[in-house]
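Below are my notes on the model you sent. They cover the pocket, then the sheet, then the helices.

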Amino acid sequence: MKRFFLFAGYEYYPSGGRYDLVGDFDSVSEAVSVLLNVKVAKEWWHVLDTRLRETYSTKLSGEEMLKWAKDMDEYAKHMSAVL
């Protein structure tokens, strides 16, 4: 099991909990890359950090979203080292 879980779906028809799970990833940026490059139902989405027990999401898109995800990777690394 990898550290980051990506959940995504449609606003009107969420499947609920684990049924909205797209996959598990080694980083936030890896999960966001899937959103950008693969056809995923993504009217809403968030990434769950299973180690820090935090969720990450943004309204950004494209390259700005990928830059944001890389910043979140650095944040997660820093907070893991601190805790």
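How do the residues of the lining of the largest pocket divide into nonpolar, polar and charged?

1. This is a predicted model, and the points below should be read as such. The lining of the largest pocket divides into 6 nonpolar, 4 polar and 4 charged residues.

2. The lining of this pocket is made up of 14 residues. Those nearest the centre of the pocket are Lys42, Glu43, Trp44, Trp45 and Thr58. H1, S3 and H2 are the elements that each give two or more residues to the lining. The space in the largest pocket comes to about 190 Å³.

3. The sheet is open and has 4 strands, in the order S2-S1-S3-S4, with antiparallel pairing.

4. The pairing of strand S3 (residues 44–49) with S4 is antiparallel and runs over 3 bridges. Within S4, Tyr56 is the bridge partner of Val47.

5. Helix H2, residues 62–82, packs on the sheet and touches S1, S3 and S4. The direction of H2 makes about 160° with that of S4.

6. Helix H1, residues 28–37, lies across S1 (4–9), S2, S3 and S4. H1 runs at about 25° to S1.

Terms used
Residues are numbered from 1 along each chain as its sequence is written. This is a predicted model: local features need pLDDT of at least 70, side-chain atom pairs count only at pLDDT 80 or more; totals for chains, interfaces and linings use all residues. Side-chain values use heavy atoms; hydrogens and water are left out. Two strands pair if DSSP finds at least two bridges between them. Contact means heavy atoms within 4.5 Å. Axes are lines fitted to C-alpha atoms, for helices over the stretch in contact, and angles run from 0 to 180 degrees between N-to-C directions. On a 1 Å grid over the protein atoms alone, a cavity is a set of points where a 1.4 Å probe fits but cannot get out, and a pocket is an open set with protein on both sides within 12 Å along at least five of seven lines; lining residues have an atom within 4 Å of a point. Grid points are joined across faces, edges and corners, and a volume is the space filled by probe spheres set on the points. Ala, Val, Leu, Ile, Met, Phe, Trp, Tyr, Cys and Pro count as nonpolar, Asp, Glu, Lys and Arg as charged, and the others, Gly among them, as polar.
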